[in-house]
Amino acid sequence: MAELEKINSFDMAKKQVDIASKYLNLAPGFVENLKVTKRELIVHFPVKMDDGNIRVFTGYRVQHNVSRGPAKGGIRYHPDVDLDDVRALAMWMTWKSAVVNIPFGGAKGGVQCNPKEMSLREIENMTRRFTWEISMMLGPEKDIPAPDVYTNPQVMAWIMDTFSILKGYSVPGVVTGKPIELGGSLGRFEATGRGVVITALETLKYLKRSIEGTKVVIQGCGNVGGVAARHFNRLGAKVIAISDSQKGIYNEKGLDVSRILDYKAKNQCLVCEEKEATEITNQELLELDCDILVPAAVENQITEKNAPRIKAKIIAEGANGPTTPEADEILNDKGIFIVPDILANAGGVTVSYFEWVQNLQELIWSEEEVLDRLTRIMQRSFKEVLDLSLSKKIPMRTAALVLGIGRVAEATRLRGIYP
Ligand code: NAD
């Protein structure tokens, strides 16, 4: 695991707003308003555990901004979740929805827990009680959760069921990333990983390079990292390293991605079975010589400490907030092309939007239709960010923030300040 110094993600997110604001003509009070969250709820709640004891958990739901539409953002189950993490992740959701120009605001939620040490029944009890605790903030027109780290379609099904019981009728549009049987969208599970790959392909096109034989390193092999790895592999790239929270596996000649991921899915651990593969740490993995590095795990992985040693030519950020602003400067000086998180991983919220639209209109789109719309939105957004980056001579991250924050600021200006 990468040695994590505790960096405050919310401070980092606010710093990014300051950097982008220099390129936007906004009144200081306006900028201050964008740097605070709209609504925050902290809940402490009891859950019956399998041994008969009661454990108290702490959970959060934060809405950052709803100027452009209902609040939207995942729910994370992780021991390190705290209020500032959730605030930062909610803010990034606001900018992300605006970058891909879909009518959502930004939110995030989380429960401080270690789901790896809990039974399925305990996770279900905790999910249902947490949903009840935050239910006053949720609803298809208000705030729509989705999966994030260590939550999945089953957790979304329990949230949808609990919320529906409270209402007295089925409300599929209250969450996205649901199982297909409950109104989930075809293509949603793959959407974030697919989106990362689409933006990496656009980068290669811009840099006049081919995907064939491109060396890819992926940190994290969950929803985002796993799907991206399989898709890169299918397109002819060589995935030379992949990791989970414990360790990484490296083979310079390319890994048998499907075999590794199938084993991980069955046995919950990465195993190095290939003769020429070796085990490495997450820290070593980030510093491997490769063409494309995809951090797809958690925040603050690339800091000023390891940025000087990063050798990738392109970084496509599957995770939210994997790179600190200090590291950004170092990577930019080194000429590394960064596809920032609020662009690279926006495929998830884009197909979540498709799922929500299908739920509200009681429609079912085909997988081809979903992938085709996703591809067009990701390619258009990439071009808009790249054009802004080239015309203003600013890094891709600053350009994405200028585009996203600019759209949110314009929506706020048009709505006006009440009263
Ligand atoms: P996941 O739970 O499916 O997978 C997380 C992966 O990260 C696992 O392989 C886990 O072993 C690994 N991991 C956890 N802690 C780690 C650590 N300290 N060091 C190295 N690896 C670690 O989660 P996910 O949905 O794939 O989310 C991954 C990232 O992508 C998060 O930053 C999340 O916010 C972001 N994201 C997810 C989606 C989505 O649709 N799921 C959308 C946008 C962004």
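Phe104 is buried, and Trp356 is buried too. Buried here means under 20% relative accessible area, exposed means over 50%, and partly exposed is in between, with a 1.4 Å probe and protein chains only. Before going on, a word on the source. This is a predicted model, where local features need pLDDT of at least 70, side-chain atom pairs count only at pLDDT 80 or more, and totals for chains, interfaces and linings use all residues. Residues are numbered from 1 along each chain as its sequence is written, and side-chain values use heavy atoms, with hydrogens and water left out.

Back to those two rings. How far apart are the ring centres of Phe104 and Trp356? They are 5.0 Å apart, with planes at 65 degrees, so the pair is edge-to-face. The rule: rings of Phe, Tyr and Trp (its six-membered ring) pair if their centres lie within 6.5 Å; planes under 30 degrees apart are stacked, over 60 edge-to-face, and the rest tilted. Phe104 sits in the loop between helix H3 (83-99) and strand S4 (106-112), and Trp356 in helix H12 (residues 347-361), so the pair ties together parts 252 residues apart in sequence. Helices (H or I, at least four residues) and strands (E, at least two) are DSSP runs, numbered from the N terminus.

Next, Tyr353 and Phe354. Their ring centres are 6.1 Å apart and their planes stand at 50 degrees, so this pair is tilted. Phe354 has 3% relative accessibility and counts as buried. Which residues form one aromatic cluster? Phe104, Tyr353, Phe354, Trp356 and Trp365. Trp365 also has a charge over its face: Arg373, at 4.1 Å from the ring centre. That calls for NZ of Lys or CZ of Arg within 6 Å of the ring centre and within 35 degrees of the ring normal. The count of aromatic pairs comes to eight.

Now the whole chain. It has 14 helices and 12 strands. Of its 419 residues, 59% count as buried. The C-alpha atoms fill a box of roughly 55 × 55 × 45 Å, along the principal axes. A compact globule with 419 residues would have a radius of gyration near 22 Å; the chain has 20 Å, which agrees. That radius is taken over C-alpha atoms, and the globule rule is 2.2 Å times the number of residues to the power 0.38.

On to backbone details. Two residues other than glycine have a positive phi: Lys208, at about 55 degrees, and Asn300, near 55 degrees. Are they buried or exposed? Lys208 is exposed, at 77% relative accessible area, while Asn300 is buried, at 8%. Lys208 is in the loop between helix H6 (188-206) and strand S6 (215-219). Asn300 is in the loop between strand S10 (292-295) and strand S11 (314-316). There is also a cis peptide bond between Tyr418 and Pro419, with omega about 5 degrees. Pro419 is in the segment after H14.

Last, a pocket. On a 1 Å grid over the protein atoms alone, a pocket is an open set of points where a 1.4 Å probe fits, with protein on both sides within 12 Å along at least five of seven lines; lining residues have an atom within 4 Å of a point. This pocket is lined by 13 residues, and Asn33, Lys38, Asn65, Ser67 and Thr412 lie nearest its centre. Strand S2 (54-65) and helix H14 (396-415) each give two or more residues to the lining.
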